[in-house]
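Below is a short briefing on one protein chain, written for reading beside the model. Please keep the sequence and the 3D view open while going through the points.

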Amino acid sequence: MTSMDVPLEGGGKQAGSAKTAVRTAVARPRLTWLTLAFMTTSSVASLRAAPTMAVYGLACVFLYVVPAIVFLLPTALVSAELASGWNGGVYNWVAQGLSKRMGFLAVWCQFAMTIFYYPTLLGYVASTIAYVIDPSLASNGPYTACVIVILYWAGVWVSSRGTSGVGGMASFGLIIGTLIPGALLVLLGVVFLGQGNPSAAPMDAGAIFPQWTGIASLVLIVNNFLSYSGMEMNAVHVSSLKNPAREFPRAMFLAMALVLLIFILPALAISWVVPAAQLSLTAGVMQAFDAFFQYFNIGWLTPLVAIGLVAASLGGMLTWLAGPSKGLLLISRQEGYLPPFLQKLNKNGVQQNILVAQGVVTTAIALMYALIPSVSSAYWIFSVITTQVYLIMYLLMFVAALRLRRLQPDHPRGYRAPMLAVLCVMGFLASVAAMIIGFVPSSQFGSGSVWSYVVIVAGGLLLLGIVIPFGFLWASKPSWRQPDAAAAAEGGA
């Protein structure tokens, strides 16, 4: 997210926005549908979520495919229509379809979910680094907390200096930290089974569906919604296609197939070698590599793989660190949603005060890794809160898309999603179901108190998704608006 348009109020201004959108679309360089498919794949796929589904063995295929159909596909197609007709990202989509206040809530949730996203991402990094230093540290809460705090603040320092070229790190990280390790993990798994070794998880027809032990048996599916999130970011490229109506769905179906392969195959490989009862949600990838490397007597590869996984995660963190907060800054300057202190930029034009405020909260969350007995339990709790907050944004987006199709049916769109009402209802209901299921602790939560889990998740959702954003809206003042500064900041983004 690099820019935000000023929200529109009158019909004449909407017409002007339409002309601007058309000019922008024409000016954009053309993309092939294959290029867009690969871009989408690189921004969504990751090995970090593989251990979460590996505990289900062969059933992970079912648990990945279902949310892909009911959530990933509706999100991709609906956001494509919105992006092809309205500039400004999710804020302007929701502001146009519902209201400016709801638009702020949407962009706030997009920003706020990163507050819990970074601790979970860096918790995974800490566990990966542990396999280079001492594997026993992977389940050590104080060690994990220290790594999270140090790496996050190092990322803030790098971002605050306005370092250019950080985005390239994400592309580099995709190759050395996702594609190569993922392919290696699957290859080792296939050879391992090919040599007659039994799989740690059942691979027969009876294991295709998860065993039903109550609603808790399906809780891990919630994490897959977050794994697939971010499709709305790539929808902005729909106008760069030569024939969006035909090529965008083709790109999305190919991307969905590639993402499913990257998610499913490594998860299966992990389940072949690491029993579910011993699997760590943060260190599961390295547990599998370590087991394979020990079996094939190539343990010297462990630090190399760990470095690649860490590079991918840190590159992704730096790419995301300033993006959502930049969008929040621009909207807040235009409408006065945040106090002047949080709107200030440093000498490099970076919203350092927002990053620092976010860092204080991130540090407090990191300390919970030291307080919650199981690192896997802490990781799961924060992953669920992240998903819950982000789903609020998707709920608003689906409702806004339906209203815009009804209120502005003739507004120019480069792409019209087929059966929009069906897609929006499907995506909305899937998001609601995921939010409800998220309040049920999974087996990975261990023997912790169920009510403690519910209180933490509900408290995180209410605080980040409701209390804080509406508190800012209630306290906002006209004097907090800095539209000229917002325009200047946008120009430098």
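Predicted model: local features only at pLDDT ≥ 70, side-chain atom pairs only at ≥ 80, totals over all residues.

Residues are numbered from 1 along each chain as its sequence is written, and side-chain values use heavy atoms, with hydrogens and water left out. The protein chain has 20 helices and zero strands; helices (H or I, at least four residues) and strands (E, at least two) are DSSP runs, numbered from the N terminus.

**Overall make-up**

- Of the 493 residues in the protein chain, 55% count as buried; buried means under 20% relative accessible area, exposed over 50%, and partly exposed in between, using a 1.4 Å probe and protein chains only.
- Among contacts with a separation of 6 or more, 83% join residues 24 or more positions apart, a contact being heavy atoms within 4.5 Å.
- The structure holds zero disulfides, a disulfide being a pair of cysteine sulfur atoms within 2.5 Å.

**Nonpolar core**

- The largest nonpolar core has 151 residues; such a core is a set of buried Ala, Val, Leu, Ile, Met, Phe, Trp, Tyr and Cys residues joined through side-chain atoms within 4.5 Å.
- The residues with the most contacts inside this core are Y64, V78, F104, Y228 and F248.
- Leaving out residues up to four places away in sequence, Y228 touches V44, Y64, P67, A68, F71, L72, V259, L260 and F263.

**Helix 19**

- Helix 19 runs over residues 450-475, which is 26 residues, and reaches 35 Å from its first C-alpha to its last, close to the expected 38 Å; the expected span is 1.5 Å times one less than the number of residues.
- Helix 19 bends by about 40° at L463, where the bend is the angle between axes fitted to the seven residues ending there and the seven starting there.
- Its buried residues are Y453, V454, V457, G460, L461, L464, G465, P469, F472 and L473.
- I456 is also in helix 19 but counts as partly exposed, because its relative accessibility is 27%.
- I456 touches I381 and I385, not counting residues up to four places away in sequence.
- The C-alpha atoms of I456 and F439, 17 residues apart along the chain, are separated by 9.6 Å.

- T75 is found in helix 4 (residues 60-85) and counts as buried, because its relative accessibility is 0%.
- T75 touches M231, E232, Y394, M397 and F398, again not counting residues up to four places away in sequence.
- H411 is in the loop between helix 17 (375-407) and helix 18 (420-437), and counts as buried because its relative accessibility is 9%.
- A polar atom of the H411 side chain lies 2.7 Å from the backbone oxygen of G85.

**Loop residues with positive phi**

- N297 lies in the loop between helix 12 (284-295) and helix 13 (302-321), and has a positive phi of about 55° although it is not a glycine.
- N297 is exposed, with a relative accessible area of 66%.
- M419, in the loop between helix 17 and helix 18, is a residue other than glycine with a positive phi near 50°.
- M419 counts as exposed, because its relative accessibility is 62%.

Notes: Polar contact = N/O pair within 3.5 Å; in protein donor to acceptor, adjacent residues only side chain to side chain.
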